[in-house]
Amino acid sequence: IKRKLREAMDVGSLEALRHAIEVAESSDRQPPELEEARAALAAWLKRIARDALAAAVASPEVEALRQAILAAEDAGLAGEELEAARRSLDAEVARADAKAELEEA
């Protein structure tokens, strides 16, 4: 189990790492490498969420931004990046609302 966890971290495959963690968690003997693997997985997921959030902020798609914010929160992302994305979402929603009001008038 230790070797599989180490290999999964070294290979750089998200799915391999998830699988190795699942196997280690289901084992009676959970090696100390399990915590390191969990931390590596969490860091990886945060990087993915951060990249997706940056792409969504740059996009005019409100729903994509909303989903990226939710995914970032789920991944444990916090701080200025997330707050900036929320402000961008609020601004985009306000802009869409104003546009809709002008079209109705």
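**A walk along the helices**

Let's start with Glu33, which is buried, with a relative accessible area of 18%; buried means under 20% relative accessible area, exposed means over 50%, and partly exposed is in between (1.4 Å probe, protein chains only). What you're looking at is a predicted model, in which local features need pLDDT of at least 70 and side-chain atom pairs count only at pLDDT 80 or more, while totals for chains, interfaces and linings use all residues. Residues are numbered from 1 along each chain as its sequence is written, and side-chain values use heavy atoms, with hydrogens and water left out.

Glu33 lies in helix H3; helices here are DSSP runs (H or I, at least four residues), numbered from the N terminus. Which residues does Glu33 touch, leaving aside its neighbours within four places in sequence? They are Lys2, Leu5, Arg6 and Met9, where contact means heavy atoms within 4.5 Å. Take Met9: 24 residues separate Met9 and Glu33 along the chain, and their C-alpha atoms are 10.0 Å apart.

That brings us to helix H1, residues 2-11. Leu5, Ala8 and Met9 are its buried residues. They cover an arc of only 95 degrees around the axis, which puts them on the same side of H1; the arc is that of the directions from the helix axis to the C-beta atoms. Covering the buried residues of H1 are, among others, H2 and H3.

Turned away from the buried side of H1 are the exposed residues Arg3, Asp10 and Val11. Arg3 has a relative accessible area of 54%. After H1 comes Gly12, with a positive phi near 85 degrees.

Next up is helix H2, residues 14-26. How do H1 and H2 sit against each other? Their axes come within 8 Å and cross at roughly 160 degrees; axes are lines fitted to C-alpha atoms, for helices over the stretch in contact, and angles run from 0 to 180 degrees between N-to-C directions. H1 and H2 are therefore roughly antiparallel to each other (angles over 145 degrees count as roughly antiparallel, under 35 as roughly parallel, 65 to 115 as roughly perpendicular, and the rest as oblique). Their crossing is left-handed, meaning that the near helix is turned anticlockwise from the far one by less than a right angle; clockwise would be right-handed. On the H1 side, Lys4, Leu5, Ala8 and Met9 make the contact, and they meet Ala16, Leu17, Ala20, Ile21 and Ala24 of H2.

Further along is helix H4, residues 62-74. At 1.5 Å a residue, its 13 residues should span 18 Å, and the end C-alpha atoms are 19 Å apart, which agrees; the expected span is 1.5 Å times one less than the number of residues. Which residues of H4 are buried? Leu65, Ala68, Ile69 and Ala72 are. Seen down the axis, the buried residues of H4 fall within an arc of 105 degrees, so they line one face of the helix. Helix H3 (33-58) and helix H5 (80-104) are among what covers them.

Look at each of those partners in turn. H3 and H4 pack at an angle of about 160 degrees, with their axes 9 Å apart. That makes H3 roughly antiparallel to H4. Ala49, Ala52, Leu53, Ala56 and Val57 of H3 make the contact with Ala64, Leu65, Ala68, Ile69, Ala71 and Ala72 of H4.

On to H5: the axes of H4 and H5 come within 10 Å and cross at roughly 155 degrees. That makes H4 roughly antiparallel to H5, and the crossing is left-handed. Between the two helices you'll find Gly76, which follows H4 and has a positive phi near 90 degrees.

Finally, H5 itself has 25 residues, which at 1.5 Å a residue should span 36 Å; its end C-alpha atoms are 36 Å apart, which agrees. Leu82, Ala85 and Leu89 are the buried residues of H5, and they pack against H3 and H4.
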